[in-house]
Amino acid sequence: MKLDVNALGTFYRMAREGAGLAAGRLTHMTGVETQVGVTKLNFMRGREIQRDFEDSTEKVGVRVKLTGAIEGYSMIVFERENAFRIVETLLAESDEAEIDVDGEFDEMTRSAATEVGHIMNSGFIDGWADVLETVIDVSTPEFVQGATAEPFFGDVSEAPDDDDLALLFQSQIETVGTEVGFSHYLFPKRESMSALLDRLRTSGGIEYDKLDGFDRMAERGAEEVAKTATTLTGIDTSVEIRRLNFVSLEAIPEQVADQKLVGVAFEFDGMPSGYLLFLFDEESAHEIVDAMVPMEVDEDGFGEMGTSAIKELGNIMASGFLDGWANVLDTTIDHSTPEFIHDMGAAAVDPVIIQLGENQEFAFVFDTVVVADGREFDCEVYAIPDEADLERALNNLDVDRIEETPTTAEFQEVNNS
């Protein structure tokens with residue numbers, strides 16, 4: 001099974017179109033104005049999807065079986081509180097609208113939640129059908145609830161095993177005064193997805209197992225980041241890549257938090273070439289500085305010592321990622337000296353996005369968490385390779401080398417001047 005950026009771009013447009021239709025139908029049903037928030041395509045392993053479900057939060061889902069141009073299952077999943085919030089709005093005009101959010105779903109609330117989930121599922125699927133100019137048929141909706149993954153897709157043969165990579169459509173619909181977050185899972189039959197990708201592909205494409213290899217390369221790079229950071233700081237440090245996202249470049253500023261951010265940007269050159277961007281919220285950045293700099297630093301800013309610490313950590317992370325990739329790909333990848341960023345929200349990423357937008361439309365984004373000395377730092381890692389370079393590099397990838405090849409990162413000295 002092969003895919004290329006054009007195929008992923010079509011999937012992304014399918015997700016955006018579907019989310020737009022779902023939001024519009026939710027507005028029509030509830031009378032509450034809505035708009036589409038962040039839309040992502042996530043490549044996730046089965047164990048990561050299960051971990052999303054097993055966070056001790058009760059969830060509610062509505063799933064349907066698909067036939068036609070796409071075969072498999074489509075499922076909308078809400079946190080239980082969000083599902084009750086929507087149902088409460090939907091039944092606000094009813095004389096029987098008193099809802100106990102701490103209680104169980106009764107026949108009325110279950111029926112309302114199923115209707116909402118079905119309407120939203122249908123919105124996504126109609127959006128896909130519009131983009132693909134085809135027909136996708138939908139079964140009768142099924143209501144599911146639970147606090148683990150088992151009730152939701154334990155009996156779905158198309159769901160990925162622990163180590164298998166699956167494509168997850170994730171969207172957020174925003175309502176006036178609050179946000180209704182939900183996840184949308186598509187579990188297609190492999191044969192169905194392969195036929196669709198063949199139809200959408202415009203270039204030679206990348207074998208799906210090579211993309212799987214790319215994800216594992218990132219995991220190996222993260223392991224190397226942890227080793228080198230621990231060696232440098234003397235603090236027990238771990239770095240975890242949660243998932244690989246595929247997003248439109250123009251959507252990246254939309255999903256960046258509207259707050260003061262601190263980051264480090266790099267340009268890398270070789271096979272592949274591209275950009276790396278690491279973004280922390282200010283609180284996380286100060287935690288990092290406190291962990292790395294054994295003295296008082298300016299709490300309102302970062303000063304020379306704080307800036308140096310952030311750049312040094314970014315330098316280690318960049319080297320860990322890229323040296324690991326270079327070793328596995330049997331190539332050379334160099335990166336620039338770190339450029340420090342301290343700005344509000346979208347302004348922190350706009351310069352990089354503008355540069356990238358001259359040559360490409362989409363980007364791969366790694367959702368990453370850095371943990372040092374028991375403290376957690378939220379860190380968004382934007383790894384944005386040149387599309388043509390990435391395709392060539394991955395097609396030359398020997399997936400067996402990923403586990404066999406040692407990752408030995410060497411990082412440049414940071415220039416503090």
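For the protein, the mean pLDDT is 78, with 85% of residues at 70 or more. Over residues 408–417 pLDDT stays under 50, and the model has 27 contacts beyond four places in sequence for this stretch, a contact being heavy atoms within 4.5 Å. Where pLDDT is low, the predicted coordinates should not be read in detail.

Local features were required to have pLDDT of at least 70 and side-chain atom pairs 80 or more, while totals for chains, interfaces and linings use all residues. Residues are numbered from 1 along each chain as its sequence is written, and side-chain values use heavy atoms, with hydrogens and water left out.

The protein contains 13 helices and 16 strands. Of its 417 residues, 55% count as buried; buried means under 20% relative accessible area, exposed over 50%, and partly exposed in between (1.4 Å probe, protein chains only). Of the contacts between residues at least 6 apart in sequence, 77% join residues at least 24 apart.

The largest nonpolar core comprises 118 residues, and F11, W128, F214, I252, F278 and W325 have the most contacts inside it. A nonpolar core is a set of buried Ala, Val, Leu, Ile, Met, Phe, Trp, Tyr and Cys residues joined through side-chain atoms within 4.5 Å. Helix α10 gives the most to this core, with 12 residues. Residues up to four places away in sequence aside, F11 touches L41, L167, F169, M193, L196, L197 and L200. A second, separate core has 16 residues, including V144, A149, V156 and A166.

Helix α9 (residues 282–292) packs with helix α10 (residues 303–329) at an angle of about 95°, their axes being 9 Å apart. Axes are lines fitted to C-alpha atoms, for helices over the stretch in contact, and angles run from 0 to 180 degrees between N-to-C directions. The two helices are therefore roughly perpendicular, on a scale where angles under 35 degrees count as roughly parallel, over 145 as roughly antiparallel, 65 to 115 as roughly perpendicular and the rest as oblique. A285, I288, V289 and M292 of α9 meet G306, A309, I310, E312 and L313 of α10. These residues divide into 7 nonpolar, 1 polar and 1 charged, where Ala, Val, Leu, Ile, Met, Phe, Trp, Tyr, Cys and Pro count as nonpolar, Asp, Glu, Lys and Arg as charged, and the others, Gly among them, as polar.

Helix α1 (residues 5–30) and helix α3 (residues 80–90) pack at about 45°, with axes 8 Å apart, and are therefore oblique to each other. Their contact involves L26, M29 and T30 of α1 and I86, T89 and L90 of α3.

V352, in helix α11 (residues 350–357), counts as buried at 9% relative accessibility. Beyond four places in sequence, V352 is in contact with A265 and Y275.

Most residues other than glycine have a negative phi, and most peptide bonds are trans. The peptide bond from M271 to P272 is cis, with omega near 10°; P272 lies in the loop between β11 (260–270) and β12 (274–281). E133 has a positive phi, near 55°, and counts as exposed at 73% relative accessibility.

Definitions and conventions. Helices (H or I, at least four residues) and strands (E, at least two) are DSSP runs, numbered from the N terminus. pLDDT is the predictor's confidence in each residue, from 0 to 100.
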